[in-house]
Structure formats: C-alpha cells, structure tokens
Amino acid sequence: MSNYFAEFFGTFWLVLGGCGSALFAAAVPDVGIGFMGVSLAFGLTVLTMAYAVGHISGGHFNPAVSIGMYMGGRFSAKEILPYIGSQILGAIAAAATLFLIFKGSQMCCIDPSTPGAFAANGYGNLSPMGFSMTSAFITEFVLTAFFVLIILGATDKRANAKFAGIAIGLALTLIHLISIPITNTSVNPARSISQAIFVGGEYVPQLWLFITAPMLGAVVGGLIYKYLLEAKK
C-alpha cells in the first residue's frame, strides 16, 4: 500500500503547492509571483516529491503519466486504476484544504464565470486569454505527450537517474510557462478534476477536455518513446 500512499501525498503536494501559489502568492497586488512564479511552483512540487517518494511509487502524481508509463512498457496494467484513484483522491484532498484556507480570507469569492477561478482549467471564455477549445486541446495534447517523453527518457536505464527528478520538474515548469495563458495548464486530469469540483459552474462541463487531451497525449508520448526512441534489445 505504500506506493498508493506515495501517489496520494505526491499529488496532494502538487495541487497544494501549484494551485496554492496561484491562489495566494500570485494574487498579491504589485508583488505577486505571476505566471513565472506559479510555473516554478508546479515544477518544484514534482521535483521535491520525485526525490521524496519517487523511489516508492515511481512518482507519477498524474493519471496521464500513469497511462503514458504503461504505454511505454514501464508500468503494470493492474496498477493503473489504484494509482489513478490515489492521485484523484490526493488532488481533491489538497483542493479541499485550499478551499478551507481560502474561506478565511476577505477576498474569498469564487466566481465560476471568471477565467482561472480557484486555479481551475478552462477554454473559451474561461481561458485566461480567451483561447478556443481547439487551441486548448492541441496545447494539452502536445504538452502532455512531451511531458511523458521527457519522463520516459529521464528515467531510461541509459540516462543518469540521479538527475531525473530535476529534468522532470523543470519540464513541468516549462510546460506551465507555455500554457498558463492558454488553459491555466492542466496536463494532469487529477489536478483539473479537483479544482473544478470546488469552483463549479461551466468549469465542470469543460472537464472532458482536460481529461481526454492529456490522456491521449500520454498514449502518443508513451508509444513514440517505446517504438522510436527506446533502445532495442
């Protein structure tokens, strides 16, 4: 069971640190950390937990990563559902914690019609810069595919495993730098589900994109690495 707890706490930390920085530190007038700070926060959550519990569970913290690792031949099919369940529960627990903290603030007013409300993901009128559904889908698909490619490559037996966590964490930082203005960055269905539950409104019907696009991107990324990049025996 330790691997499931590792995924729970790892995903909890990702949502608490990443979405928490967007809700609190980025919202401070004049001195807020901005997109760059939030991007770095998400990267740091994965980097720190990769070294803290990655040796226990593999450090997925993301249903799309679990699917990608399976498609790349690095993960057992029987572990997919328990891992995804642990990740979603961890994300929801973190979002609940953020919600309780947020309620204690004078600025506690979650408007589900506002882009990026409660650090949720959206497209169209819920995109930070008004990007369309098509733009959002392409973004989430491509960035998740490359994220899986980087994870598979950084953890390959031919790579220096000591630096895998750094490469993966920085990859997630770069992904956020690219896509926060487009979708508020998902590449992680658990992270999207947890925030949408608490913000409600149109964010819930839009969840399909932030589940489907990352999952499909992960499948493609895993297959590309397995058949085109991995060393053949």
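These legends describe close-up views of a predicted model.

**View 1. Ser-57 in helix 2.** Ser-57 belongs to helix 2, which covers residues 34–57. Its relative accessibility is 6%, so Ser-57 counts as buried. The Ser-57 side chain makes a polar contact with the side chain of Glu-7, at 2.6 Å. Leaving aside neighbours within four places in sequence, Ser-57 contacts Asn-3, Ala-6, Glu-7 and Tyr-83.

**View 2. Met-71 in helix 3.** Helix 3 (residues 63–71) contains Met-71. Met-71 has a relative accessible area of 21% and is partly exposed, because buried means under 20%. Met-71 and Lys-226 are 155 residues apart along the chain, yet their C-alpha atoms are separated by 7.7 Å. Residues up to four places away in sequence not counted, Met-71 touches Val-219, Gly-222, Leu-223 and Lys-226.

**View 3. The Phe-102 and Phe-118 pair.** The model has 11 aromatic pairs. One of them joins Phe-102 and Phe-118: the pair is tilted, 6.2 Å centre to centre, with 55 degrees between the planes. Phe-102 lies in helix 4 (residues 80–103) and Phe-118 in the loop between helix 4 and helix 5 (133–154), so the pair ties together parts 16 residues apart in sequence. Phe-102 is buried, at 7% relative accessibility. Phe-118 is also buried, with a relative accessible area of 4%.

**View 4. Phe-118 and Phe-198.** The ring centres of Phe-118 and Phe-198 are 6.2 Å apart and the planes are at 50 degrees, so this pair is tilted. The pair links distant parts of the chain, 80 residues apart: Phe-118 in the loop between helix 4 and helix 5, and Phe-198 in helix 7 (residues 189–199). Phe-198 is partly exposed, at 25% relative accessibility. Ring pairs link Phe-24, Phe-99, Phe-102, Phe-118 and Phe-198 into a cluster.

Key:
Residues are numbered from 1 along each chain as its sequence is written. This is a predicted model: local features need pLDDT of at least 70, side-chain atom pairs count only at pLDDT 80 or more; totals for chains, interfaces and linings use all residues. Side-chain values use heavy atoms; hydrogens and water are left out. Helices (H or I, at least four residues) and strands (E, at least two) are DSSP runs, numbered from the N terminus. Buried means under 20% relative accessible area, exposed over 50%, partly exposed in between (1.4 Å probe, protein chains only). A polar contact is a pair of N or O atoms within 3.5 Å; within protein, one must be able to donate a hydrogen and the other to accept it, and residues adjacent in sequence count only if both atoms are side-chain atoms. Contact means heavy atoms within 4.5 Å. Rings of Phe, Tyr and Trp (its six-membered ring) pair if their centres lie within 6.5 Å; planes under 30 degrees apart count as stacked, over 60 as edge-to-face and the rest as tilted.
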